[in-house]
Amino acid sequence: MDIGHKATRSAINVAMDMAIKHTKKDKEEGVKDIIKLFSQFMKPTKEDLQEGTGGNAFSGMNHIINESNKKWVTYISNLFNEIDPKIIKTLTLSLGYESGYKGMNEIRKARKANNCNIPWAIIFDPTSACNRHCKGCWSGEYGDKSSLSYADMDSIVTQANALGTHFFLMTGGEPLVRKADIITLAKNHPDSEFHIFTNGTLIDQKFCDDLLSVGNIILALSLEGWEDTNDFRRGKGSFKCTMDAMDLLKKNRLAFGTSICWTHQNYKTVVSDEFVDMIIEKGCRWAWYFHFMPVGQNTNTDLLPTVEDRVDFLSRIRKIRSSESDKQIVPLDFQNDSEFVGGCIAGGRNYMHINSAGDVEPCVFIHYSSANIHDMSLLDCLKQPLFQAYHREQPFNKDLYMPCPMLENPEFLPRMVRESGAHSTDLEAPETAEHLCAKTKEYAEKWQPISHELWSKTPDKSKLRAEKAMNKKEVFQKIVPIEETRAN
């Protein structure tokens, strides 16, 4: 870390201390201090402005203050009052400055220099071991067959930092089986932010103390609805364990959200007023909503949402997130929010997945690869034929409500896997891409006309983003012949 970098971090740290104090006295003026801080240290770059979105992720924050009901002013000030100041400051420094601003600029340079996707976030599995066997979860079938060593995880983070990536998410298996190594990893990489998806069963006071000590770890607890629904999928007693873990995290003023796989059976529950109000009261301030994917040889396809479910779900999420709603939570709809991120973000475009055996996969739901971190550098893994195929083909549809090469565009994934020479990385029972996508073909056909109707009503800003992405795709396809994305 050079002198200028240290000085900037120090200045942000001091400014955050002042903003936190100000927020406690006057929440609106305190939030203005925070926005001023972001405006000062995270100004839009030339590249930000060229992307046609009017700036970077921190631009335009002043509109928050001008909203008539002040929902987001209240949201931000509540975060400052409810969460330990050290956690707030490390989130601002590690996730905001290092990852969202400084790192993003470095990533852009690395993408141009290497002519490949470089991810903003990396998801990796410390272990395949898990104490639950949830229906529809790929990892529950793996058993405890493999784990990344501490040296493996440290190497992933170190190599990624060199490319500009400073945001790391952990899945599994149950990541907290490796609590000690995770705490050590976070301590040794204070300029990175770590986000753990966990079932919550291994959260205790000692772990809360460790989280407060390092500061740069946030959690998302898995939940699928009320007790009966949740425990049907996750096992008896799971709901109570999650509720107890939330209470403990809230008591210790730690930042956490929830992770929800929504299905045909549970979607109305998990976006109901009663359920959302409950998780807010428990202390959740964000909620990841993941569309059920029929991954695995023996997956229960009855859990796959209908297209009518999806339209209703989209509407409910947008309502919760709107300024008109009084709900103090940010719901993130992993499938339907693709219009805001330019379509599919996998294959290293914005994120990628490394499983517990070291296989570098495009997505947590796409278990195919032609590279492993034990055989080559992280950068070479990002240049693997399958990732180059993603780079070549993204976005997979100009309608950004149809982002995925497996769910909405099932003709893409089998071809990319075949042409790249990638193999199945499923640790339990290998599944061909053809078998996987056969389960989504009918869904895709039914979704297409509905999606196109939704897309026709989408704001021009999103359509411009899609148009620019399609233009980049055409340029790359002219520069790099398809033969160069195939395995040798």
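**Close-up 1. Salt bridge between Asp273 and Lys327 in the predicted model.** The closest N and O atoms of this pair are 3.5 Å apart. Asp273 sits in helix α13, and Lys327 in the loop between α14 (307–321) and β7 (330–333), so the contact ties together parts that are 54 residues apart in sequence. Asp273 is partly exposed, at 46% relative accessibility. Lys327 is buried, at 10% relative accessible area.

**Close-up 2. Salt bridge between Asp247 and Lys282.** Here the closest N and O atoms lie 2.8 Å apart. Asp247 belongs to helix α11 (residues 238–251) and Lys282 to helix α13 (residues 273–282), so the pair ties together parts that are 35 residues apart in sequence. Asp247 is partly exposed, with 37% relative accessible area. Lys282 has 19% relative accessibility; it counts as buried because the cut-off is under 20%.

**Close-up 3. Salt bridge between Lys446 and Glu442.** The closest N and O atoms are 3.1 Å apart. Both residues lie in helix α19 (residues 441–456). They are four residues apart, which means a separation of about one helical turn. Lys446 is partly exposed, with a relative accessible area of 46%.

**Close-up 4. A network of salt bridges.** Four residues are linked here: Arg318, Arg321, Asp337 and Glu339. Side chains of opposite charge can pair when their charged atoms come close. With a side-chain nitrogen to carboxyl oxygen cut-off of within 4 Å, the count for the model comes to 23 salt bridges.

Note on methods. Residues are numbered from 1 along each chain as its sequence is written. This is a predicted model: local features need pLDDT of at least 70, side-chain atom pairs count only at pLDDT 80 or more; totals for chains, interfaces and linings use all residues. Side-chain values use heavy atoms; hydrogens and water are left out. Helices (H or I, at least four residues) and strands (E, at least two) are DSSP runs, numbered from the N terminus. Buried means under 20% relative accessible area, exposed over 50%, partly exposed in between (1.4 Å probe, protein chains only).
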